[in-house]
Amino acid sequence: CQTCGAVIAIVSSLKLNKPVEKICIAEVKKNGIASDLYLGVRAAPILLSGHRFVLLFMQDLSAQQKLATLQRVFFHDLTNILTALLGYSEILALNSSGETLKTASIINKSAQNLYKEVVLQRILAHGELGDFQYSKENIPVSSILTETCDGLRLHPSANNKSLSVIPAGSDKAISSDRYIIIKILTNMLINALEASDEGDEVQIWAEYPQQDEIMFAVWNKKVIEESLKQRIFQKNFSTKNMKGRGLGTYSMKLFGEEILGGKVYFISQEETGTTFYLKLCRNN
């Protein structure tokens, strides 16, 4: 038909004399059941012995498209539910007092964190920052370090390992999103703990390289192999042979740089071990 992606790709490639990629959707029947076949089509013109031909490549993307559609529907519906939960929890907090107010505030804060987590997971799934706006509050740096570590002391990766907070010379504050910073540092700590052996120590601290800057750091004594260093922040890359891995370091880079406007990097040397850094402006 005139809207067929394959036909459009072929005609366009011949007209433009260059490869053209399109999407082709066709309805097919299997065992009497109709379903959509979602194809990625690439048409590339070639000249052989004075004759013009078109190489046509077709890839079945049906499974990926179905998964992407389900993800978008899931995130959309879940966001709607959480928006309602946030609204009602705020109303509950405004009309409460005493112990009820304390409970309502915890519910509201948990709903806010869950909403952020859903938004961040949607960004990870689709790579779309869109008009995402993070929330700002003045946060003591010591509370960020303590809260991050407290949330991981019972994590399976921390079994028989030491997790230490190295105190800074002074406790300054940062104006940023507490949840996102803690999420980034949590991923750094989990990676460091998983890379460590039993009895090893993992350290976390903060330092201030400039008056308006803060540097969070997570250290462990293991060294990253040279062959892996270039791919550490690559999406879906993991040294562990398991499905669903490879998003932790990728998300550090995405959230730390694209959302918070900072810099995420690491230094790994035989003499000093491996340290991951999150560098932020204290008033970004």
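Strand S9 (residues 263-269) and S10 run antiparallel and are joined by 7 bridges. Strands here are DSSP runs of type E with at least two residues, helices are runs of type H or I with at least four residues, and both are numbered from the N terminus. Two strands count as paired if DSSP finds at least two bridges between them.

Before going on, please note that this is a predicted model, in which local features need pLDDT of at least 70 and side-chain atom pairs count only at pLDDT 80 or more, while totals for chains, interfaces and linings use all residues. Residues are numbered from 1 along each chain as its sequence is written, and side-chain values use heavy atoms, with hydrogens and water left out.

**Around strand S10**

S9 and S10 form a hairpin, with 3 residues between them. Within this pairing, Ile267 stands opposite Thr275 in S10. S10 also pairs with strand S8 (residues 213-220), in the antiparallel sense and over 8 bridges. There, Ala217 has Tyr277 of S10 as its bridge partner. Strand S10 (residues 273-281) has 7 of its 9 residues buried, so it is largely enclosed by the rest of the structure. Buried means under 20% relative accessible area, exposed means over 50%, and partly exposed lies in between (1.4 Å probe, protein chains only).

**Rings and charges**

A search of the whole structure finds 5 aromatic pairs. One of them is formed by Tyr265 and Tyr277, which are stacked at 5.0 Å centre to centre with 25° between the planes. This pair links distant parts of the chain, as Tyr265 lies in strand S9 and Tyr277 in strand S10, 12 residues apart. Rings of Phe, Tyr and Trp (its six-membered ring) pair if their centres lie within 6.5 Å; planes under 30 degrees apart count as stacked, over 60 as edge-to-face and the rest as tilted. Tyr265 counts as partly exposed at 23% relative accessibility, whereas Tyr277 counts as buried at 14%. Elsewhere, ring pairs link Phe233, Phe266 and Phe276 into a cluster.

A charge sits over a ring if NZ of Lys or CZ of Arg is within 6 Å of the ring centre and within 35 degrees of the ring normal.

| Lysine | Ring | Distance to ring centre |
|---|---|---|
| Lys172 | Tyr208 | 4.8 Å |
| Lys253 | Phe233 | 4.8 Å |

Another lysine, Lys229, lies in helix H6 (residues 226-229). Lys229 counts as buried, at 17% relative accessibility. Leaving aside neighbours within four places in sequence, Lys229 is in contact (heavy atoms within 4.5 Å) with Ile224, Phe266 and Ser268.

**The sheet of S1, S2 and S3**

An open sheet holds 3 strands in the order S1-S2-S3, with antiparallel pairing. Strand S1 (20-30) and strand S3 (51-60) stand at the edges, each with a single partner strand, so one side of each is left without a neighbour in the sheet. On average, neighbouring strands of this sheet are turned by 35° against each other, direction ignored. Strand S2 (residues 33-48) and S3 pair over 10 bridges, and Gly40 stands opposite Gln59 in S3.

Two helices lie across strands of this sheet. Helix H1 (residues 5-16) lies across S1, S2 and S3 and runs at about 155° to S1. Helix H2 (residues 62-94) lies across S2 and S3, running at about 125° to S2. Axes are lines fitted to C-alpha atoms, for helices over the stretch in contact, and angles run from 0 to 180 degrees between N-to-C directions.
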